[in-house]
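The sequence and structure are shown first.

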Amino acid sequence: MNDVDGSARTLITISIPVFNEEGNIANLMTRLRAVADSVADRYDFEFLFTDNNSQDGTLALLEAEVVRDRRVRVLKLSRNFGFQRSILTNFLNARGTAAIQIDADLQDPPEMILKFLEYWEKGFKVVYGVRIQRIESLMLRLARRAFYRFIDRITEFHVPVDAGDFRLIDRIIIEHLRGVTDRNPYLRGLIASFGYPSVGIPYARSVRTQGKSKFNFIKLLTLGMDGVTSQSTKPLQFIALAGFTLCGLSVIIGLVYAVLWLFGIGQRSPGFTTLVILQLITLGVNAAVAGLIGEYLGRVFDNVRGHPMSIVERAIEHAPSDSTRQSAPSSVPPASATHPVLASNEEDRR
């Protein structure tokens with residue numbers, strides 16, 4: 001867009017995935033508008049929401065925001081496709097020169113967007129927040145720290161530790177993301193793998209004041225498994241190495257017992273309990289190995305069968321101005337009306 005004096009302003013997309021966040025929408029928009037107004041002389045903003053099929057009043061509130069503010073755009077997904085796919089769908093539909101992903105729960109401070117933009121102007125293509133403090137149980141904090149460092153160790157590139165999805169990415173990163181075919185993306189590692197200049201900014205994460213966290217233990221575990229299996233095949237190498245090691249030890253122990261038996265050295269020991277314990281351990285290890293291999297095969301299956309990454313059921317937005325109009329991906333037809341569009345299919349949007 002252009003300012004009244006004819007000077008160009010850069011369009012920035014604020015990317016916000018939401019699911020059942022009706023209690024946070026009003027406060028979030030108040031703070032985001034304040035941030036946008038503070039740099040209105042240099043930047044234009046669009047607030048792009050991807051609604052992951054919320055079951056509360058979130059969508060109705062977002063529709064009202066579209067009517068109130070032309071900068072607000074909403075993409076309603078046909079079902080819940082998961083957090084990472086929701087973020088990716090948002091990025092791929094962003095019109096800005098850069099996109100900044102922030103959660104709707106206000107645990108990540110919107111005011112840090114200004115700091116992100118400062119570093120982006122310095123040439124960094126990725127600017128991310130590093131959580132130096134977060135309010136949660138000690139066990140969960142330790143598990144997160146261990147997981148982040150484990151991911152960093154098994155990958156061939158540096159994956160930022162103690163960093164979540166609160167980040168700015170440049171348009172060049174968005175264009176690379178268009179080529180992603182992984183149906184279960186782990187965006188933190190994926191973006192890091194591109195290798196562009198990046199920088200982390202430390203901050204203290206706030207406590208959630210409205211609504212409930214959507215990530216229970218199982219979902220966190222699933223996200224962690226996606227992170228491991230999508231970023232590296234080293235776990236399979238560890239399995240192979242452990243298998244060969246155990247096989248070698250078994251052969252050596254077997255030979256030792258055979259020699260002792262031939263020469264009549266020693267006496268038989270009942271050892272029933274020991275044998276049972278060893279068998280149970282072996283069964284547990286085999287089950288874990290089979291499960292890990294199954295995770296890798298499952299990812300291959302998901303990618304091969306070719307199901308869509310996500311499906312946008314409705315695009316609720318004003319028509320873009322000439323300066324911001326870009327062709328959207330073919331899987332997400334753009335709305336073309338000059339007023340907010342509530343359409344459920346192609347024909348309704350014409």
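Two strands are said to pair if DSSP finds at least two bridges between them. In this predicted model, strand β1 (residues 10–18) and strand β4 (residues 98–101) meet that description, pairing in the parallel sense over four bridges. Within this pairing, Thr13 stands opposite Ala99 in β4.

Strand β1 also pairs with strand β2 (residues 43–51), again in the parallel sense, over nine bridges. Here Val18 has Asp51 in β2 as its bridge partner. From β1 the chain passes through helix α1 (residues 25–38) to reach β2, and this β-α-β crossover is right-handed.

| Strands | Sense | Bridges |
|---|---|---|
| β1 and β2 (residues 43–51) | parallel | nine bridges |
| β1 and β4 (residues 98–101) | parallel | four bridges |

How much of β1 is covered? The strand is mostly covered, with eight of its nine residues buried. Helix α3 (residues 83–92) is likewise mostly covered, since nine of its ten residues are buried. Among the buried residues of α3 are Arg85, Ile87, Asn90 and Phe91.

The surface also carries a nonpolar patch, formed by Leu249, Ile252, Val256, Tyr257 and Leu260, with about 490 Å² of accessible area together. One of these residues, Val256, lies in helix α9 (residues 234–262). Val256 is partly exposed, because its relative accessible area is 44%, a value in between the limits of under 20% for buried and over 50% for exposed.

Notes
Residues numbered from 1 in each chain as written. Predicted model: local features only at pLDDT ≥ 70, side-chain atom pairs only at ≥ 80, totals over all residues. Heavy atoms only, no water. Buried < 20%, exposed > 50% of the residue type's maximum accessible area, 1.4 Å probe, protein only. Helix = DSSP H or I, 4+ residues; strand = E, 2+ residues; numbered from the N terminus. Patch = residues over 30% accessible without salt bridge, like charges linked within 9 Å, V, L, I, M, F, W, Y side chains within 5 Å. Areas by Shrake-Rupley, 256 points an atom, 1.4 Å probe, with all protein chains shown as cover. Salt bridge = Lys/Arg side-chain N within 4 Å of Asp/Glu carboxyl O. Right-handed = clockwise from strand over helix to strand, strands pointing away.
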